[in-house]
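These are my notebook entries on one structure. I list what I looked up, in the order I looked.

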Amino acid sequence: MLIAVVAGLSLTWFGSMQMRAEERASSQLVFERSVQRATARIEGRFTDLSHRLQDVLGLFAASTRVDEEEFVAYWHAATARNDAPGLLGLGLALHMESESGPLTSIHYVAPRLGFGELLGRNLWADPIWRDVLQRSAQSDQIVLSEPVADDATGTAGTQFIALPLTRELLGGLAEDPAITGGWVIAFISTHELLTLDHADETGELAIDILDSGVNPPVMLRCADEGLHSDHEDCATHEIVEQRSILLADRPGIIRVRSTDAYESIVASGRPELAFTSGTLLTALVSVVMFLIVTARERAESIARRTIERAREIESQYRAAARASLDAFYVLRAVRDEEGRATDFEFVDVNDNGAAMASMERADMIGQRLCELLPVNRTHGFFEKYVHVMETGEVLEEEFEIHVDMINATWLHHQVVPIDDGVAIMSRNISERKGDEQALAQSEARFELAVAGSSDGLWDWRVGSDEVYYSPRFKELLGYEPGDFPDLFASWADTLHPGDRDRTMRAIRRHLDDNEAYDVEYRCRTKDGGYRWFRARGMAARDADGQPVRMAGNLTDITDEKNSKAELQRYAEDLLEAKTALESQATELATKSAELEESRSVAEQANEAKSEFLANMSHEIRTPMTAILGYADLLAEPGGDPALRSDHIATIRRNGEHLLAIINDILDLSKIEAGRMTVERVACSPWRVARDVEQLLRVRAEGKGIGFEVVHATPLPVEVATDPTRLRQILLNLAGNAIKFTEHGAVRVIVSFHQARSGASSELVFDVEDSGIGMSPEQLRRLFKPFTQADYSTTRRFGGTGLGLTISKRLAELMGGTIDVASVEGDGSTFRVVLQLDEDAQFEVTDDPDAAVVSPSDASVAPGSDRLTSRILLAEDGPDNQRLLSFHLRRAGASVDIAENGRLAVDMALEALEEGRAYDVILMDMQMPVLDGYGATKELRSRRYAGSIIGLTAHAMPGDRAKVIDAGCDEYLSKPIEKEALISACARASSTDEDRRAA
């Protein structure tokens with residue numbers, strides 16, 4: 001008995017000492033976990049604030065232009081969530097480079113109350129702001145400024161945050177090319193942001209936060225002294241933990257100190273109480289032991305049976321608990337003297353439960369819940385467990401809990417009541433929650449993609465009439481969302497009858513045989529017309545391989561189809577021309593089959609013509625591609641007005657190039673057909689050469705080479721020749737010289753060699769260049785039809801290969817010749833020699849510039865670009881009506897339009913009878929009802945004396961005579977240049993006034 005008493009007292013003393021050591025270790029552990037939670041909470045608040053700014057990037061990414069109303073609405077939506085404490089305001093700053101230097105001004109701000117005076121402020125001029133903006137732009141991350149005692153907002157303890165925006169995200173806000181980017185900016189209250197509530201601080205710790213990005217560190221929050229106190233003045237206690245923390249991008253320090261309340265827990269006297277209680281208990285046990293001895297055998301027997309049964313039940317329970325994949329805890333209530341539950345004690349924990357708490361089972365069993373895991377009290381779990389125990393209700397919930405500074409865990413909690421306690425089953429559902437969040441994000445991205453896509457989307461539940469059609473799908477067919485039911489039949493009924501069977505077969509082959517579903521068909525739109533669409537889709541199948549859903553997209557390809565059809569027509573026309581030429585070549589080869597040399601010549605001609613057709617196809621398609629493409633760009637809504645004039649210039653330049661190609665083909669055709677004629681009229685050869693200089697000088701200067709026209713001898717004032725064809729020859733030769741010259745200069749040298757009596761005088765034009773030159777082989781091919789000096793020349797410099805052939809033929813028709821001398825790599829000289837009339841007398845001058853009127857002087861008389869006349873435009877083409885009348889009215893003329901020759905005759909005679917006769921009639925020669933020839937003849941037969949100008953698309957020399965013979969005073973060939981039109985109308989008006997005066 002004595003031994004038992006001594007042993008009891010010894011164990012009591014040892015137990016109290018052990019309890020004190022364990023209590024100290026437990027307090028240190030609780031303190032460290034509190035530091036971790038506080039650190040995670042602070043960084044979490046900066047993370048939440050970062051998310052709010054990242055959301056603004058999403059706002060800009062989802063809209064082509066975020067206006068101020070939308071920006072302010074986002075601010076109100078963000079603040080309504082109350083998930084970004086300390087956020088005082090948001091702003092949008094735009095950066096531009098100006099002549100006076102960089103400028104960053106605040107463009108939007110919210111709320112306007114308190115921050116409205118910041119609008120337009122240049123942040124770049126403030127060193128603190130400039131540092132924040134520069135660091136943000138360099139890192140492309142959110143950047144936090146140093147603390148500012150008093151800023152423009154008037155709020156103490158303010159810091160600034162900036163997040164860069166690219167120029168692309170700014171969208172329509174970056175209309176000014178000087179704007180290079182921007183920032184989302186935020187004004188935050190450091191004190192409010194870093195102030196944790198009671199649940200976060202446990203009430204037993206004091207938390208200080210310092211900004212260590214400056215020297216010395218600045219106190220952002222002191223638990224004892226308030227905002228901006230000197231951190232050396234903050235009281236310190238027994239336990240102090242200090243560690244680094246990241247405040248956005250700025251380094252910080254968090255210091256956690258114990259308080260008097262915390263230290264009172266450490267010195268609670270529980271070990272002394274345990275020692276006293278143990279001593280009294282030992283004495284009591286000594287008295288009772290005597291009474292127990294007498295019944296020991298019977299008690300031991302009962303105890304053995306009870307223990308065996310308890311062990312059996314416990315074994316079954318522990319086996320079930322350990323086998324569970326969930327965390328499992330059994331808690332027993334710890335009550336105070338009044339019987340109120342003040343804590344719970346771990347009775348049992350399975351391995352998964354210990355792992356979830358990051359502890360060992362042995363370290364948890366017997367410990368108190370809220371002391372070991374204070375989060376249960378700070379997050380309100382303890383009160384919920386008490387409620388379950390007292391009411392008998394089962395609690396089941398899902399929640400997120402931060403396990404460290406970075407990571408968070410989602411748990412599914414089920415709490416059931418047991419005798420004086422609760423049993424808890426907890427399951428980690430973070431993976432499922434992550435999947436749900438990923439699915440939600442994926443669906444959000446899908447909806448955003450659907451909203452921004454130009455294609456329509458559909459999703460059909462196979463075997464039913466249920467189909468989802470996206471709003472864009474219905475819009476492509478011209479329907480509002482409510483006008484097009486989500487039924488399979490709604491779409492099937494729009495199919496063109498010629499496409500329905502083929503489309504349905506394609507769907508069936510995909511469902512039955514898994515063939516690719518990619519089909520083009522026509523659908524009837526709401527307005528009754530048909531448009532072409534391309535549909536692509538794929539079926540989703542069940543485990544047995546049977547299709548259950550089929551989804552895909554719908555693309556409008558009407559414009560593409562029309563373009564292909566147009567190109568096909570061009571291809572057919574060219575193919576027809578090629579076939580005709582090949583037929584001619586074949587016929588020529590057949591007729592010349594008897595002679596090998598003739599056959600060889602025919603084969604070469606056929607090869608040359610084929611090469612020509614391929615070259616012509618390229619030359620025609622190249623400008624046509626540019627014309628059609630830039631016409632499409634002009635037709636696009638919302639195009640950049642700054643590019644409009646460039647698009648129009650491109651179309652005109654390629655149109656003129658195409659017209660030049662057509663003129664070359666026509667000239668060569670006329671020459672080969674023997675229908676080309678030349679005039680012999682008096683003209684100034686120097687004037688022709690100067691015209692060429694004026695037309696080509698800009699092109700030469702654009703390439704950075706020189707261009708000049710000089711005379712080597714005295715020149716005749718006038719000679720008899722065809723000035724138009726001479727100008728065409730010189731333009732071709734000089735234009736080629738500029739094309740093939742990269743460095744140096746091009747010169748046109750004019751000289752005159754007067755012959756003796758009985759012989760012809762010669763007018764000579766030498767076109768010299770310092771270009772690439774030609775080899776002897778290239779010179780032999782030079783003047784052959786449909787070829788250039790080298791086929792690679794076409795690929796490198798372009799051209800049809802017709803210019804030199806036409807020029808040589810024209811020179812020969814004019815009684816002259818063209819020769820060439822060239823050295824490969826050292827330039828070329830083309831010489832044009834024209835034989836003049838024999839025995840002709842020439843007035844020769846040493847100063848030809850003084851003897852001719854300059855090209856500019858020969859233009860329309862001053863003021864002729866302004867018309868005051870009344871004009872009748874007889875034209876059946878609506879496009880030409882609009883174009884010609886636009887130019888004439890813009891020049892000041894009054895224009896009436898007649899759609900055919902009969903109407904033109906009636907309107908002209910009626911105006912004449914009423915005393916308001918037209919000054920000029922522009923008469924299209926090809927019109928319905930009565931053409932221009934018949935209308936002009938009828939007017940002249942009825943003694944109409946007014947000026948009539950013929951308009952025709954025919955440009956042959958005989959066509960002009962035909963128009964003049966019909967009674968017209970002048971002739972203009974289409975396409976009609978604006979200047980030529982206005983000039984002709986001005987001259988005709990002047991002539992008409994002279995007639996009236998006479």
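**Entry 1: terms and ground rules.** I call a residue buried when its relative accessible area is under 20%, exposed when it is over 50%, and partly exposed in between (1.4 Å probe, protein chains only). I noted that this is a predicted model, where local features need pLDDT of at least 70, side-chain atom pairs count only at pLDDT 80 or more, and totals for chains, interfaces and linings use all residues. Residues are numbered from 1 along each chain as its sequence is written, and side-chain values use heavy atoms, with hydrogens and water left out.

**Entry 2: the whole chain.** I counted 33 helices and 34 strands in the chain. Helices (H or I, at least four residues) and strands (E, at least two) are DSSP runs, numbered from the N terminus. Of the 998 residues, 41% are buried. The chain exposes about 53,200 Å², and carbon and sulfur atoms supply 53% of that area. Accessible areas come from the Shrake-Rupley method with a 1.4 Å probe, and for residues only the protein chains shown count as cover. I then looked at contacts, meaning heavy atoms within 4.5 Å. Among contacts between residues at least 6 apart in sequence, 60% join residues at least 24 apart.

Entry 3: I looked up how β1 is paired. Two strands pair if DSSP finds at least two bridges between them. Strand β1 (residues 87-98) pairs with strand β6 (residues 179-189) in the antiparallel sense, over nine bridges. In that pairing, Leu-92 has Val-184 of β6 as its bridge partner. β1 also pairs with strand β2 (residues 101-110), again antiparallel and over nine bridges. Here Met-96 stands opposite Leu-103 in β2. A hairpin of two residues joins β1 to β2.

**Entry 4: a sheet of five strands.** In which order do the strands of this open sheet lie? I read the order as β17-β16-β20-β19-β18, with antiparallel pairing. β17 (467-469) and β18 (517-524) stand at the edges with a single partner strand each, so one side of each has no neighbour in the sheet. The twist averages 25° from one strand to the next. Inside the sheet, six bridges join β16 (residues 456-461) to β20 (residues 547-556). Trp-458 stands opposite Gly-552 in β20.

I also checked which helices lie across this sheet. Helix α19 (residues 497-513) lies across β16, β18, β19 (530-541) and β20, and runs at about 150° to β18. Helix α20 (residues 558-591) lies across β18, β19 and β20, at about 120° to β19. For these angles, axes are lines fitted to C-alpha atoms, for helices over the stretch in contact, and angles run from 0 to 180 degrees between N-to-C directions.

**Entry 5: salt bridges.** I counted a salt bridge where a side-chain nitrogen of Lys or Arg is within 4 Å of a carboxyl oxygen of Asp or Glu. By this rule there are 45 salt bridges. Arg-340 forms one with Glu-338, with the closest N and O atoms 3.2 Å apart. Glu-338 counts as exposed because its relative accessibility is 62%.

Arg-361 forms a salt bridge with Asp-348, also with a closest N and O separation of 3.2 Å. This pair links distant parts of the chain, 13 residues apart: Arg-361 is in helix α12 (residues 361-364) and Asp-348 is in strand β12 (residues 341-349). Arg-361 counts as buried at 18% relative accessibility, and Asp-348 counts as buried at 2%.

Arg-831 and Asp-766 meet in a salt bridge at 2.6 Å, N to O. Arg-831 lies in strand β28 (residues 828-835) and Asp-766 in strand β26 (residues 762-769), 65 residues apart. Is Asp-766 buried or exposed? Asp-766 is buried, with a relative accessible area of 8%, whereas Arg-831 is partly exposed at 40%. Salt bridges that share partners also join Arg-690, Glu-693, Arg-697 and Asp-849 into one network.

**Entry 6: cysteines.** I searched the whole structure for disulfides (a pair of cysteine sulfur atoms within 2.5 Å) and found zero. Cys-370 is buried at 7% relative accessibility, and Cys-985 is buried at 0%.

**Entry 7: Ala-811.** Ala-811 is in helix α27 (residues 803-813). Ala-811 counts as buried because its relative accessibility is 0%. Leaving aside neighbours within four places in sequence, Ala-811 is in contact with Ile-729, Gly-816, Thr-817 and Ile-818. The C-alpha atoms of Ala-811 and Val-678 are 9.9 Å apart, while the two residues are 133 residues apart along the chain.
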